[in-house]
Amino acid sequence: MRRAKAAVAPYLLALPAWIWFAIFFVVPIAAMASVSLTTGNILEGFQQTLSFSNYADAVGQYHVQLIRSLIYGGTATVIMLLLAYPVAYWIAFKGGRRKSMYLFLLLLPFFVSFVLRTISWGFLLADDGILFGPLKSAGLLPGDFHVLATDVAVIGGLTYNFLPFMVLPIYVALGRVDPRVIEAAYDLYASRWAAFRKVVLPLSLPGVFAGVLMTFVPATADPVNARVLGGTGNTMIGNIIQTEYMTNNDYPTASALSFTLMAVLLVGIFAYARSLGTENVLEAAAR
Amino acid sequence: MNTPHNSPFIDPAFLRGMTRSRAASRRDVFRLAGLTAAGLALSACGVQGQKKAAPKPSEVAGFWSGKQKNGKVVFANWPEYMPEDRGPLKKFQQETGIAFEYLEVIEENASFFGKSEPQLRAGQPLGYDIVVMTNGMQFARMQALGYLVALDHKQLPNFAANAAPKYKNPAYDPNNTYSIPYTSGLTGIAYNTKYVKEPITSIQALFDPKYKGKVGMMADSQEIANFGLFALGIEPEKATKADWEKAAAKLKEQRDGGIVRKYYDQDYIDAVSKGDVWLTMGWSGDVFQRQLAGEPVAFVVPEEGGTIWTDNMMIPKGAANPVDALMLMDFLYRSEVAAELTEYIQYVTPVPAVKDLLTAKAAGLKGEDKKALEAMVESPLVFPSEADYTKLHGYVSPAQPADQEAFQGMFQAVTQG
């Protein structure tokens, strides 16, 4: 009897989490999938017609913004990786006793709301704002120079907003590297570069993967940076989904676009996992 | 849509949804596929339409008969639409004994409607007795879907006595069946006088290559469509589908020529006062408030035409205190209460007597206060003259769903390309 109880206990403990997952993840996703196949409009109602052409129509209409989002998200992710890895490396290996303070400093701006931070960049980068205004009056920049309303502003905003989510997993992975392994590499006459390339880098890859996952997905789907920092021709797929849902009340198109985005991101991520050659990289990242 | 400088124009809940990581493991994907199929089977019913015809007078009387005041009213409004001290509402409470709860929860018609719609469709109350919406597409949807309570005009004597004729019986709500105006405003051209040295009079300035990259336009389809139509000399109310197409083509040309810097929501006012754009489509009250704050912005209704919009008070279906709501709506139509509101909001009031009341008040003031109030009373942005009104037009309001879709598609292709 006691043994039977012991066998059931883990399942019982996990049950609330499963119920939560079922109610707040599975049901909405299933409902959204269902809505994405309906036809109609807000005034006359939506009928389930299993209309898979919704997907073709939505992608046909908005492929430009979809591809643009992937390019923006991908570019921002690469820049984040290039910026974050050295920082994470430095904190992990050179941070000494102040490691937690450096991490805290890194996270400090993120105690302010995401939207507010992005709007603040709009003020800092204003055409005649506190940064460019003096430079322009000193003749160092041409009068019509501007950063806002360009690709650079949107990608820069994405990079800034998601950077800590790249630094933290890499830092954690690097922190787990056993210093004795690195010493062993030196004992085997590895140069510093070789030790990094053959020992530290491979051991940190799960962190890199987790970082990419945590930044590429939200950066690609983000509607805020394009809205606040972008101009004409910077609209991302997140903005389109928002408009379709809120303004047009075209729930099928909004749902179909959300699923398309999700599918594209999943395919991209699994292709990336493959190319890293780490079959179990998701599990490694979760460790 | 028309509120002075409020920044969080994106619903935070929506943001969270958009930015959350959607990662899943490979096994989860297969599991998801299975569950999705199950979900399809479960929820194959779709969303029911509830399109409603206008109510019969007997139905309206039936709804209101026997309804009593409950001593409480919940008012959902836009930011900066009520003096900070809530003076008018406090007076209302003193006089009637009705306690008020005032919430600044409406920041955009589309997101307010988008959030409320599922609740209203499910027949649940929103928890508000009065809401304020602009005479745009979302308001039309509220009417068509039967989400509004038809008003009992017998209980609105101040509205009948004090509202200007042009604010009664509007095309977007015949006979004021569901709504009475809260305040109106104008869409015209706002420009920064530090950068624009010539007086702007024509809408063609927004299309002038001289201002390449320094022109702001509005992202809202109904707003931008009107300006495309004005530029072509077409009256929005009389525009046909072919006219919309021409207007969209004109706006696309403006965009492709690099003249437009950005399609703005409420954030245009910061952009023009900072100089990110030099001239832009703008709302009168915003510009007037910035002028009072000493910023170098000017506002003009272009000679080709400008847009007049109205934010309206209405009672959503399921409101708990409809009688109290009517009492408050009517109270706000007392001339002296309307004057207090106008002095703070600085948009166009539907109560013409306000002008004399404020003129009299200004006469009793001194110094800066006197000058500011006099400037406001003289301003055509707050009290448009009859000549100004002839230039002002309503939105294009397609009634049929297919036309709405076509309209939105045409102009969103410009603003969201």
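**Contacts, core and a helix pair**

In chain B, of the contacts between residues at least 6 apart in sequence, 80% join residues at least 24 apart, a contact being two C-beta atoms, placed from the backbone, within 7 Å. The model is predicted: local features need pLDDT of at least 70 and side-chain atom pairs pLDDT 80 or more, whereas totals for chains, interfaces and linings use all residues. Residues are numbered from 1 along each chain as its sequence is written, with chains lettered from A and ligands numbered from 1 in the order written.

Chain B has 417 residues, of which 47% count as buried, that is, with 20 or more other C-beta atoms within 10 Å of their own.

The largest nonpolar core comprises 171 residues; such a core joins buried Ala, Val, Leu, Ile, Met, Phe, Trp, Tyr and Cys residues through C-beta atoms within 7 Å. Among those with the most contacts inside it are I189(B) and L279(B). Helix 6 of chain A, residues 151-175, gives the most, with 14 residues; helices are DSSP runs of H or I, at least four residues, numbered from the N terminus. Beyond four places in sequence, L279(B) touches I189(B) and Y191(B), among others.

Which helix of chain B does helix 9 of chain B meet at roughly 10 degrees? It is helix 17 of chain B, residues 401-415, and the axes, lines fitted to C-alpha atoms over the stretch in contact, come within 9 Å. The two are therefore roughly parallel, the term for angles under 35 degrees, on a scale from 0 to 180 degrees between N-to-C directions. W244(B) and F407(B) are among the residues making this contact.

Terms used
A residue is buried if 20 or more other C-beta atoms lie within 10 Å of its own, exposed if 12 or fewer, and partly exposed in between; C-beta atoms are placed from the backbone. Angles under 35 degrees count as roughly parallel, over 145 as roughly antiparallel, 65 to 115 as roughly perpendicular and the rest as oblique.
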